[in-house]
Amino acid sequence: MRSADTASPHGRGWLNRFRTLATALRRRPTVFAAATVAATLAAGLATAAPARADTTLLPCDIYGAANTPCVAAHSTTRALYVSYAGPLYQIARQSDGKTRNISPLTTGGYANAAAQDSFCKDTLCTITRIYDQSPLHNDLAIQGRGGNGGPDVGAPADALPVTAGGHQVYGVSFSGQMGYRNYNAKGVARNGQPEGMYMVTSGTHVNDQCCFDYGNAETSGNDTGNGHMDAINFGTECWFQPCVGTGPWLAADLENGLFMSSAGPSQNSTDRSMRSPFVTALLKNNGQNYFALKAGNAQSGPLATQYAGPEPTAGGYSPMQLEGSIVLGTGGDNSNGSVGNFFEGVMTMGLPSDAADDQVQANIVSVNYGGPTGIVGTLKPGSEISFETQAPCCDSFFIAHDGYNSNTTSINAISTASSSDELGNATWIVRRGFADTSCLSFESRNRPGEFLRHFNFKLQRGFYDGSIQFADDATFCQGKGNTGKGKSFTSVNFPTKFFRTYNYGVYVAGDGGSNAWDTTIGFPKDSSWTITAPLAP
Ligand code: AHR
Ligand code: AHR
């Protein structure tokens, strides 16, 4: 059990200074970015200077200029060509079955998420189509039955709210049984033709099930044999043992195997797990005798090559036998147990140059995925906050989720010694309430797409799966603090129960009731919170 003795010995002064610093850094993003790059270089971690972002060119302009044009360009967050003004994705709402296209706000700009919000107000929406921005119109529709599983369902449209380019937009959050496909794409590599592809995904929403993929797959939806796929795979499934570390890893799904090298397993002795909230994952394959895997943090720095060498040595992969269908979120045969996040991805005809890949990564970094929204310390959707308890035990204790692998929450002491992980675990992004838009939901800053929800009346973090149960369990309504100061929050489905700390855990609790945490002793202070500026810068 945690003890109150671990509370900060520094009193409140340091915390106020910390908040002032965090606010100053937010107001001066370029200074902060420069400082981060300088620190990275000083630490000797950067192997090459990242290419300077050319903000006038977007990923498909860059690949086009390098003679490897996009033959597919999918994103729910932004245009991938400077000249693109068409639809990004289509949503359908449950209330009346109507659909609506969501387009960029401006030509070459970011998604008009506000249009989605108003169309989906007080109902559930799912993503029914992700449009291809390339002239080939290789749109992705919800995937049908495959050799192994399905038919799939569409992802909930509002499960993955993120910031991109300073705009609030939505990524696609996949639970199992979700997937998209274009069975007969035009212009995509076939047989031994060369191609490249990347996707921006998350290192925080992964599992070890087959197969969170984006790329080239079978036109039939069946496993038609070695070399019939060339898709990025991202997750913790280790197909060829051993894998180094705990993952998630980048691999090439070339069918009947997730390859990290020609032999299968990783050839890197160092841990290549990619746990950052936003990851760029890239695969290219000349279709004959070479493939390469590159990955990087989508929020900063360059791509690193994880493998570049011959095709797999097993039969069928050299040359490749590509069929030119496009898959997103499942294996080639629609194996659909995997979970994952998707923000954007493209496929090219021809093997892209490393210089073009670097320029694309620089452009992705310039988007500032997940970056601060600029609104802090209020309960307005989009604002970032921390919840400081008013419980007398616990000066400078905040609601936090307990680390990478645990979904539980508690109140944790935050001090100058707290790591950036601990600060991020105690920082929440205010969202419109899933179940009631006049109330709120709270998304983890460190774990995009994961929200505070109660389960068995304990507060924890979890992925929105589109269910009414989750929406209810993750929606809370604010009111004046039960102490008369700050705020208190009731659960939308248990309106007499409040966020309450008890024994350093956090619960939804009544002022009296059958659970230990419903005790009336200390209830007003234990259920009142001071909303502060976000602890994570
Ligand atoms: O290659 C891994 C997976 O194996 C493929 O995605 C799927 O088609 C097969 O089950
Ligand atoms: O937290 C109380 C209930 O416990 C939730 O509504 C439900 O998801 C779980 O059974």
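**Exercise 1. Determine which residues Ile 62 touches, leaving aside those up to four places away in sequence, and decide whether Ile 62 is buried or exposed.**

Step 1. In this predicted model, the residues that Ile 62 touches, once those up to four places away in sequence are set aside, are Leu 57, Ala 356, Gln 359, Val 360 and Asn 363.

Step 2. Ile 62 itself belongs to helix α3, which runs over residues 59–65.

Step 3. Ile 62 has a relative accessibility of 3%, and because buried means under 20%, Ile 62 counts as buried.

**Exercise 2. Describe the surroundings of ligand 1, stating how many residues surround it and what classes they belong to.**

Step 1. Ligand 1 is surrounded by 15 residues, of which the closest are Asp 253, Glu 255, Asn 256, Gly 257 and Asp 333.

Step 2. Sorted by class, this shell consists of 5 nonpolar, 5 polar and 5 charged residues.

**Exercise 3. Find which atoms of Glu 255, Asn 256 and Gly 257 approach oxygen atoms of ligand 1, and state what share of the ligand's area the protein buries.**

Step 1. Glu 255 places a polar side-chain atom 2.8 Å from an oxygen atom of ligand 1.

Step 2. With Asn 256 it is a backbone N or O atom that lies 2.8 Å from an oxygen atom of the ligand, and for Gly 257 a polar backbone atom is 2.9 Å from a ligand oxygen atom.

Step 3. Ligand 1 exposes 280 Å² when taken alone, and the protein buries 94% of that area.

Note on methods. Residues numbered from 1 in each chain as written. Chains lettered and ligands numbered in written order. Predicted model: local features only at pLDDT ≥ 70, side-chain atom pairs only at ≥ 80, totals over all residues. Heavy atoms only, no water. Near = heavy atom within 4 Å. Polar contact = N/O pair within 3.5 Å; in protein donor to acceptor, adjacent residues only side chain to side chain. Areas by Shrake-Rupley, 256 points an atom, 1.4 Å probe, with all protein chains shown as cover. Nonpolar A, V, L, I, M, F, W, Y, C, P; charged D, E, K, R; others polar. Helix = DSSP H or I, 4+ residues; strand = E, 2+ residues; numbered from the N terminus. Buried < 20%, exposed > 50% of the residue type's maximum accessible area, 1.4 Å probe, protein only. Contact = heavy atoms within 4.5 Å.
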